[in-house]
Amino acid sequence: MRTVLRTSIVTAALAGAMLAPAAGAAFAAPAPQAVTSTTKAAAPQVKKVAINKHLIANMSNSPTSGPSIQIHITNEDGTVRPKALATLDRKHTKQAAQGTVFTLTEAETAEPVLTVFEGGVTTSFPLPKGTAANPAPSPAPAPARYAGQAVYIGNGMVAVLRNKSEGPEAWIRYVGAQWKPGDSYMSRVLAVLDRRQTTDSAYGASFKLTKAETAAPVLVVTINGASKSYALPRGKAGQNCSAESKIQDIGAGTTAELYMSPEGPKVALRTAGEATAWRILDRGFPALNKSDGIVARIVNPSGAKPVFEWRTQGGATPLGRTTFPALPQGCKLNYKVTEQESGSKPGSTTPAGTKPQTQAQTPVQTQTAVVPEGAVAAGAELPVETVADTDNGTTLAAGAGLFAIAAALGRAALRRRRVNG
């Protein structure tokens, strides 16, 4: 222990001698201090609410920009996907996504409310109190690109019928049951039918664009088994690139309707007796979460041949698999095809993309020799008693370095004496 004390004293003395000039220079020429401003604009209060086990809403109400809502998807592990599923503000008060309609009500007041309509049930979530709009912003004019013949088709929806240079289009929009001809119809889109996708469904209704390849297409809307036709404006004939939808029974009272278009695969999941799909799968949201209780996913959603997989029974029940309808000849996908995973083999109980587990092995690290430097390299050795009663590696390292510096200074002084002598 006495040796440790002596070594520490010598180390401290050498360090003090070496640092003294630098400390004097520091006191002699102090560095100027930069003056920075710490004043920042107060950020609006963000209120986070769980809409359900899959969705979370970030809601704020700024005095300058007004109410703002961002809906995000919550993963099974509790993490939140960074890309917003829906965004609402005073200029965009309604949006539908994944079979759910989000509406910012009382948007012009100081106390707006988020309403969520899903599965026939409406739930309300008040935003933080803010400032009423003054004056209230005027509604944006309907862009010519999306303007058309609006007809009420039931269940709070209108179909905006067009047939111009883009070809026949039926834009299905949610406007509410109070809508009447002449009212604004530029609300959120539920479905779009054209020559690339001629069938779809929403809010208990199914839609089909018939005679799409001709100059006189017709929209057929079916609600509760009753069908009604709506003629589109006349246009020019063209190729139909939509595949007929495919209905697959996946068990547990659930059906999956498979669609394929140049935009990629899409699956609408429905429960028996319910006309409204309770979940939509596509390239952006290809699989259910584990908490949904069943397996339903699109394997290789951006690939050339995507596959739908499902399992609704527990235990070792094998996965069901089916292909999507093929596009008509001559039609191409409008995105880059990327093969992501091959999926499970028919009858397999292993989910697609699951890799077999292997026993982890501890990597063997190669022991490397430390190359001596300074005094140690010159042949200096620490006394045995110092090594034996010292457990402070930092003191040893500092001491070795300072001894090396002292040795170098000693050699330099000896050379000066020899030259001077």
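The structure holds 1 disulfide. Keep in mind that this is a predicted model.

I will start with that bond. The disulfide joins Cys241 to Cys331, and the S to S distance is 1.9 Å. The pair links distant parts of the chain, with the two cysteines 90 residues apart. Where do Cys241 and Cys331 sit? Cys241 is in the loop between strand S16 (226-231) and strand S17 (246-251). Cys331 is in the loop between strand S23 (320-323) and helix H2 (374-377). As for handedness, the link of Cys241 and Cys331 is left-handed, with -90° about the S-S bond.

Next, accessibility at the two ends. Is Cys241 buried or exposed? Cys241 has a relative accessibility of 12%, so it counts as buried, the cut-off being under 20%. Cys331 has a relative accessible area of 13%, and therefore Cys331 is buried by that cut-off too.

Now the backbone. Which phi value does Glu106 have? Glu106 is not a glycine, yet its phi is positive, about 50°. Glu106 lies in the loop between strand S6 (100-105) and strand S7 (113-118).

The other residue to look at is Lys211. Phi of Lys211 is near 55°, again a positive value in a residue other than glycine. Lys211 belongs to the loop between strand S14 (205-210) and strand S15 (218-223). Lys211 counts as exposed because its relative accessibility is 53% and the cut-off for exposed is over 50%.

To recap: the Cys241 to Cys331 disulfide, then positive phi at Glu106 and at Lys211.

Key:
Residues are numbered from 1 along each chain as its sequence is written. This is a predicted model: local features need pLDDT of at least 70, side-chain atom pairs count only at pLDDT 80 or more; totals for chains, interfaces and linings use all residues. Side-chain values use heavy atoms; hydrogens and water are left out. Helices (H or I, at least four residues) and strands (E, at least two) are DSSP runs, numbered from the N terminus. Buried means under 20% relative accessible area, exposed over 50%, partly exposed in between (1.4 Å probe, protein chains only). A disulfide is a pair of cysteine sulfur atoms within 2.5 Å.
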